[in-house]
Amino acid sequence: MSDLELAIERSGAALWLKLNRPHALNALTASLVKALIRAMNSAVADDAVRVIVLTGAGRAFCAGADLKESAARSEVPGASAAFIKSIMSLVGLLQACSKPVIAAVNGIAVAGGLELILGCDVVFAAESAVLGDSHSNFAMFPGGGATVFLPRKIGINNAKFVMFSGGTLPARDWIGLGLVSKVVEDAQLIAAVDAFAAQLAAKSPIVLARMKEALNDSVEQPTASAMRRERDLNELHAASLDRAEGLRAFREKRIPQFVGR
């Protein structure tokens, strides 16, 4: 399936969303952001989809907002604000989605592209990929959560270095910063992400959803509150069918068959 600017493909229980504007380094247009939001909402509602993968076509993951379109939007009252609101909604969807979201960073990822990555749960990157924030190079201010989520992911001083400088760093440097989970050879990126997605798809959807919820919430809460939330979710999860199935499978020395309840 393709939405022109967005290619959508299934690989087992994983849904791949590929930004499909390689001629423009997959820069984000208003229509592409809307297509991504539609695809995310559809994936969340589809029980057959257990993992979502975000990647790009060609030599870029995403070069941020399409600056040509941004310039045209500046002439239309309210258009820029509406675009920023949609970007924030998209990043929020990536984070709030109950299913694991993997970024498969195939190349250049800057500005809004970096913000999309910040919304993902796990980040795989090709060896040749470079990531950074180029907003400051063109006197652009972030609108997809970079000032909020980048310091939470890599620390305040590292975030300031990345954002103030406007430069890029190779993917391997981002492992040390804590944003990228794994770097693989370019030719192995799709296979590596497919294998990891299949590994996640075999696990209980409900336990992964609850883990994601607890982990995301813990960043916002004092330790005592986060611990209480973990206890509450643990008690809730104790009644789940998947937990019971996991224990049975362990006793019977077989692979568990999870139903997501």
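View 1. Leu67 is partly exposed, at 39% relative accessible area. The model shown in this and the following views is predicted. Leu67 sits in helix α2, which covers residues 67-73. Together with Phe138 and Met140, Leu67 forms a nonpolar patch on the surface. The accessible area of the three residues together is about 290 Å².

View 2. Cys62 is buried, with a relative accessible area of 0%. Its closest cysteine sulfur belongs to Cys120, 11 Å away, too far for a bond. Cys97 is also buried, at 4%. For Cys97 the closest cysteine sulfur is again that of Cys120, at 10 Å, too far for a bond. A disulfide needs two cysteine sulfur atoms within 2.5 Å. The disulfide count is zero.

**View 3. Asn106 and its surroundings.** Asn106 lies in the loop between β5 (101-105) and β6 (108-110). Its relative accessibility is 15%, which counts as buried. The Asn106 side chain makes a polar contact with the side chain of Thr55 at 3.4 Å. It also reaches the backbone oxygen of Gly58 at 3.0 Å. Beyond four places in sequence, Asn106 touches residues including Gly56, Ala57, Arg59, Phe61, Ser128 and Leu189.

**View 4. The Arg21–Asp66 salt bridge.** The closest N and O atoms of Arg21 and Asp66 are 3.2 Å apart. This pair links distant parts of the chain, 45 residues apart. Arg21 is in the loop between β2 (14-19) and α1 (30-45), and Asp66 is in the loop between β4 (60-62) and α2. Arg21 counts as buried at 11% relative accessibility. Asp66 counts as buried at 11% too.

**View 5. The Glu127–Arg172 salt bridge.** Here the closest N and O atoms are 2.8 Å apart. Glu127 lies in the loop between β7 (122-126) and β8 (130-132), and Arg172 in helix α7 (residues 171-177), so the pair ties together parts 45 residues apart in sequence. Glu127 is partly exposed at 28% relative accessible area. Arg172 is partly exposed at 45%.

View 6. The side chains of Arg254 and Glu252 meet in a salt bridge, with N to O at 2.5 Å. Arg254 is partly exposed at 31% relative accessibility. Glu252 is partly exposed at 46%. Salt bridges with shared partners join Glu245, Arg248, Glu252 and Arg254 into one network. The structure holds 11 salt bridges.

Note on methods:
Residues are numbered from 1 along each chain as its sequence is written. This is a predicted model: local features need pLDDT of at least 70, side-chain atom pairs count only at pLDDT 80 or more; totals for chains, interfaces and linings use all residues. Side-chain values use heavy atoms; hydrogens and water are left out. Patches are made of residues with over 30% relative accessible area and no salt bridge: like charges are joined within 9 Å, nonpolar side chains (Val, Leu, Ile, Met, Phe, Trp, Tyr) within 5 Å. Accessible areas come from the Shrake-Rupley method with a 1.4 Å probe; for residues, only the protein chains shown count as cover. A salt bridge is a side-chain nitrogen of Lys or Arg within 4 Å of a carboxyl oxygen of Asp or Glu. Helices (H or I, at least four residues) and strands (E, at least two) are DSSP runs, numbered from the N terminus. Buried means under 20% relative accessible area, exposed over 50%, partly exposed in between (1.4 Å probe, protein chains only). A polar contact is a pair of N or O atoms within 3.5 Å; within protein, one must be able to donate a hydrogen and the other to accept it, and residues adjacent in sequence count only if both atoms are side-chain atoms. Contact means heavy atoms within 4.5 Å.
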